[in-house]
Amino acid sequence: MLGASSQSQDAVADVSVLPLTRPQLAEARRMRAAELFEQRRPSSEVARAVGMHPESVRRWKRLWEQGGVQALRRRPATGSLAGSAS
């Protein structure tokens with residue numbers, strides 16, 4: 001009986017930690033990049049650390065310089081899908 005209880009606890013633990021969605025993962029990479037920008041790391045090093053192309057990291061850095069970490073956060077989608085189908 002002890003084994004059955006342990007298995008059910010493992011199943012609950014698996015459900016409580018869901019994998020990140022693609023947008024969440026992208027934001028996490030940008031947040032990590034921002035931490036490295038604050039440490040004055042070179043863009044090439046940041047690109048390697050977050051697994052992104054250096055040009056993407058340079059674009060993020062420009063955004064970060066202009067608007068800080070908030071500029072790198074996810075924004076909700078805008079626009080309406082209503083009326084897009086004719």
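Select Ser43, a residue of helix H3; helices here are DSSP runs of H or I with at least four residues, strands are runs of E with at least two, and both are numbered from the N terminus. The model is predicted, so local features need pLDDT of at least 70 and side-chain atom pairs count only at pLDDT 80 or more, while totals for chains, interfaces and linings use all residues. Residues are numbered from 1 along each chain as its sequence is written, and side-chain values use heavy atoms, with hydrogens and water left out.

Is Ser43 buried or exposed? Ser43 has a relative accessible area of 16%, and is therefore buried (buried means under 20% relative accessible area, exposed over 50%, partly exposed in between, with a 1.4 Å probe and protein chains only). Now show what Ser43 touches: Val57, Arg58 and Lys61, leaving aside residues up to four places away in sequence. Contact means heavy atoms within 4.5 Å.

Next, select H3 and H4 together. Their axes are 9 Å apart and the packing angle is about 110 degrees. The axes are lines fitted to C-alpha atoms, for helices over the stretch in contact, and angles run from 0 to 180 degrees between N-to-C directions. H3 and H4 are therefore roughly perpendicular to each other (65 to 115 degrees; under 35 is roughly parallel, over 145 roughly antiparallel, and the rest oblique).

Which residues meet between H3 and H4? From H3 come Ser43, Val46, Ala47 and Val50; from H4 come Pro54, Val57, Arg58, Trp60 and Lys61. By class, this contact has 6 nonpolar, 1 polar and 2 charged residues. Ala, Val, Leu, Ile, Met, Phe, Trp, Tyr, Cys and Pro count as nonpolar, Asp, Glu, Lys and Arg as charged, and the others, Gly among them, as polar.

Stay in H3 and pick Val50. Residues up to four places away in sequence aside, Val50 touches Arg29, Arg32, Ala33, Val57 and Trp60.

Now select the largest nonpolar core, which has 12 residues: Met31, Ala33, Ala34, Leu36, Phe37, Val46, Ala47, Val50, Val57, Trp60, Trp64 and Leu72. Two or more of these residues come from each of helix H2 (22-38), helix H3 (43-50) and helix H4 (54-67). H2 gives the largest share, 5 residues. A nonpolar core is a set of buried Ala, Val, Leu, Ile, Met, Phe, Trp, Tyr and Cys residues joined through side-chain atoms within 4.5 Å.

Finally, show the whole chain. It has 4 helices and 0 strands. Of its 86 residues, 20% count as buried.
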